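Here is a short briefing on charged side chains and how they pair up. Keep the structure open as you read.

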Amino acid sequence: MAALADAEIRAFLAGVTDGGIPDYQVAAMLMAIYFRGLDDRELATWTDAMLHSGDIVDLSRIARAKVDKHSTGGVGDKISIPLAPAVAACGVPVPMISGRGLGHTGGTLDS
């Protein structure tokens, strides 16, 4: 099997995020990746394409270290709401950002 070209990976992920690729085709691609896997280059390209698939928040104006408590799904998350203010009270900036995958749950999007 041939490896996916960088342009193919980027086009696929762009199509997923803009809704241009139907769900059944997304499912087929993910199943193929599950069974075949991705090599190191493909995975690096996939990761980079996902990283740049949405808006990038520039937090460089905050000079010191910033932290985020990552949530794995949001439903039933009992720690984000008390943890973020506690850490912020210690002087550490906590932007509490999340990916588009949590939009359906509320998750940390409402923290």
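Is Asp48 buried, partly exposed or exposed? Asp48 counts as partly exposed, at 29% relative accessibility. The model is predicted. Side chains of opposite charge can pair when their charged atoms come close. The count here comes to three salt bridges.

**Asp48 and Arg10**
- The side chains of Asp48 and Arg10 meet in a salt bridge, at 2.9 Å from N to O.
- Asp48 sits in helix 3 and Arg10 in helix 1, so this pair ties together parts that are 38 residues apart in sequence.
- Arg10 is partly exposed, with a relative accessible area of 36%.

**Asp6 and Arg41**
- Asp6 and Arg41 join their side chains in a salt bridge, at 2.4 Å from N to O.
- Asp6 belongs to helix 1 (residues 6–17) and Arg41 to helix 3 (residues 40–51), so the pair ties together parts that are 35 residues apart in sequence.
- Asp6 counts as partly exposed, at 33% relative accessibility.
- Arg41 also counts as partly exposed, at 36% relative accessibility.

**Glu42 and Arg36**
- Glu42 forms a salt bridge with Arg36.
- The closest N and O atoms of Glu42 and Arg36 are 2.7 Å apart.
- Glu42 is buried, because its relative accessible area of 0% falls under the 20% cut-off.
- Arg36 counts as partly exposed, at 33% relative accessibility.

Terms used: Residues are numbered from 1 along each chain as its sequence is written. This is a predicted model: local features need pLDDT of at least 70, side-chain atom pairs count only at pLDDT 80 or more; totals for chains, interfaces and linings use all residues. Side-chain values use heavy atoms; hydrogens and water are left out. A salt bridge is a side-chain nitrogen of Lys or Arg within 4 Å of a carboxyl oxygen of Asp or Glu. Helices (H or I, at least four residues) and strands (E, at least two) are DSSP runs, numbered from the N terminus. Buried means under 20% relative accessible area, exposed over 50%, partly exposed in between (1.4 Å probe, protein chains only).
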